[in-house]
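These are notes for a first reading of the structure shown below. Each numbered point takes up one part of it.

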Amino acid sequence: MVDTPVRTSTRDVARRLPALTVWLVLAFVAVWVLFLAEGTSAGPAVDDPGRFVVTLLDALTFAGLLFVVASGFTLIFGLMRTVNMAHGSLFLLAGFTAIAIQQSMVGKTTNIAPEDVSIWSWIGPLLLAAALVAVLGVVMHQVFLRWNQGQELRQALITIAISVILADQMLRQFGGLAKTMVWPGAVSHFVELFGERYATSRLFMLAVALVVGVALWLWLTRTRMGMVIRAGVDDEGMVRALGINATLVFAVTFFVGAFLAGVGGVMGASFAGAATGSDGTWLLNSLVVVIIGGLGSIKGAVAGSLLYGTVVAFSPAYLPSQYTFYSVIFSFALLALVLAVRPYGLFGRPA
Amino acid sequence: MSEPLLEVRGLCSGYGDSRVLDGISFSMGVEAVGIIGRNGMGKTTLCDTLMGLVPTTSGEVLLHGEHIEGRAPEKVARRGISYVPQGRRLFASLTVDEHLAMLAKGTRGKRWTPEAVYELFPRLAQRRSSGGTDLSGGEQQMLAVGRALLLNGSLVLMDEPSEGLAPTIVDVLVDVVHRLVAEGTAVLVVEQKLRAATAMAERQLVMVSGRIQAETTASELQADPELQRRYLGVGTAVEAGDHPNGASRERTE
């Protein structure tokens, strides 16, 4: 009764070839970073383990932020096939809003010192701002996108239009200067690691990302709504044919996806500041992560974030110093390499 | 005769400009009814149209006397049609348990709960934590049936349940169909295999080019190779070898 398909050996070989290439590239990179990286700003890892650990932590913490933002994007796409081009706008709007809320909580608009910021005047604005953009996301979906369900191009164009409008309105409201959300005083110091100083706030950011990731995972695996969403990603029509109200599930998913963009936006505003233009940057970041990981897959978002974060952190540190400028190319080399081996991304499936 | 459970009148539908269903009419009560026909005759389109997955162009569908044509699939399902689609359409990301848990809400106290499904298909109970698509073909079909049963609908709609299954598994499904009907649930089963179709339902509707061409019975169909050839064509002539009359294998083309 077991009728698993028989795999032929030729197919096995053909399947392994691209993987072998990838392993070779990885092996070369590992050897380079460990032993050969003379003349780079970090130096070979065996000579300077401190710099290596710091770069690794940079990679992980940035990956955490990437994951929070990209998981929201991939969740919405996975279920509804909606490419939400306004995801970056929701990110930035949450950042600006959280900064404004924090300023009013602390009672100062400029020169806020970390000591002024209690943990609650960071988490409070985070939750409020994220909830606000989540509601905005639901409104956006109910008013503009619902009627065009299944028309992916139209939905993408609508969300582009929304992102342009939001960008202008944010410029009017918050001005063109970069603003920063201030980390709470409790995490604004440094720790000593292998002889290097490392910002606790970055580790805190990683912790927040882990909490968000675990919460998302529990929600998707342990709740009925989570099961329905995963089922809907696989086969939306069948979910509906089983009597499940897809409209409600879509609205909840849009809420959560936009909420994640908001949480990411507040983390990003604390980590690198909120400024006109970071909406586009973070839309692009989300796209790169989910294309690497596979559109619609949360596992893929984890893998994509880790890979992209690693490349972003390591390439400037381990390129010969005079070539550091070219490090950005490596993000796209990563994208090309992954797509050459897995055209639908690491965990993606054909639509 | 009292009001039929399901009544279909002049149902038409299709994709874009092409019309696949061309005026389907039939009605059924609490019984097992088979719809049999060759590939490409519109059998799956009929199922999808009844479920609201393919839009209805014209015609009426009444379930318990209520119009359901043109309704959203979730509304049709909640009115009482439990769908077991062609190819099972299980969820690759969900385990067996999750397939059932997802639909368990509101089943308490009704005939079909996840526990009752596991009782019906003990093999599924052994594979609770396996992924939906890691199961064997037979187990997948059991899960697809079990999942549909959790809706506790008044009509179970099955599209090619025997496809790709070993005869022993088909027998299990045949048994389930008979049990459902005995318990008062109607079953509409769409098939292109004679053996499975005739074992599941005595009343058979023959579908040709988007219409119900004829109504016959399983025994009539089994006894008459000419009828089989006319309505079911080559596919069945090959398969007819395993039916008791040993019908001829001559080709029709």
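1. A helix here is a DSSP run of H or I covering at least four residues, and helices are numbered from the N terminus. By that rule Val53(A) belongs to helix α2 of chain A. Bear in mind throughout that the model is predicted.

2. Val53(A) has 16 C-beta neighbours inside 10 Å, and therefore counts as partly exposed. Setting aside neighbours within four places in sequence, Val53(A) is in contact with Leu193(A) and Phe194(A). Sequence separation and distance in space can both be given for Val53(A) and Met85(A): they are 32 residues apart along the sequence, and their C-alpha atoms are 35 Å apart.

3. Several helix pairs in chain A deserve a look. Two packed helices are described by the angle between their axes and the distance between the axes. For helix α4 (residues 120-145) and helix α9 (residues 246-271), both of chain A, the angle is about 140 degrees and the axes are 7 Å apart. α4(A) and α9(A) are therefore oblique to each other. The crossing of α4(A) past α9(A) is right-handed. On the side of α4(A) the contact includes Pro125(A), Leu126(A), Val133(A) and His141(A), and on the side of α9(A) it includes Phe250(A), Phe254(A), Gly257(A) and Val266(A). By class, the residues of this contact are 18 nonpolar, five polar and no charged.

4. Is Gln142(A) buried, partly exposed or exposed? It has 14 other C-beta atoms within 10 Å, so Gln142(A) is partly exposed. The C-alpha atoms of Gln142(A) and Thr247(A) are separated by 9.3 Å, although the two residues are 105 residues apart along the chain.

5. Helix α3 (residues 87-106) and helix α10 (residues 278-293) of chain A pack at an angle of about 130 degrees, with their axes 7 Å apart. That angle makes α3(A) oblique to α10(A). α3(A) passes α10(A) in a right-handed crossing. From α3(A), His87(A), Gly88(A), Ser89(A), Phe91(A) and Leu92(A) meet residues of α10(A) that include Asp279(A), Trp282(A) and Leu283(A). The residues of this contact divide into four nonpolar, six polar and one charged.

6. α10(A) also packs with helix α12 (residues 327-341) of chain A: the axes come within 9 Å and cross at roughly 30 degrees. Why are these two called roughly parallel? Angles under 35 degrees count as roughly parallel, and α10(A) and α12(A) are therefore roughly parallel to each other. The crossing is left-handed. Val288(A), Ile291(A) and Ile292(A) of α10(A) make the contact with Ser331(A), Leu334(A), Leu335(A) and Val338(A) of α12(A). Six of these residues are nonpolar, one is polar and none is charged.

7. The contact between the chains takes 25 residues from chain B and 20 residues from chain A. Three elements of chain B give two or more residues to the side touching chain A, namely α2 (73-79), α3 (96-101) and α6 (137-149). α2(B) gives the most, with four residues. This side of chain B has 15 nonpolar, four polar and six charged residues.

8. Most residues other than glycine have a negative phi. Asn152(B), in the loop between α6 and β7 of chain B, has a positive phi near 50 degrees. Glu160(B), in the loop between β7 and α7 of chain B, also has a positive phi, near 45 degrees. Asn152(B) has 17 C-beta neighbours inside 10 Å and so counts as partly exposed. Glu160(B) has 23 and so counts as buried.

Technical notes
Residues numbered from 1 in each chain as written. Chains lettered and ligands numbered in written order. Predicted model: local features only at pLDDT ≥ 70, side-chain atom pairs only at ≥ 80, totals over all residues. Axes fitted to C-alpha atoms, helices over the stretch in contact; angles between N-to-C directions. Parallel < 35°, antiparallel > 145°, perpendicular 65-115°, else oblique. Left-handed = near helix turned anticlockwise from the far one by under 90°. Contact = placed C-beta atoms within 7 Å. Nonpolar A, V, L, I, M, F, W, Y, C, P; charged D, E, K, R; others polar. Buried ≥ 20, exposed ≤ 12 C-beta atoms within 10 Å, placed from the backbone.
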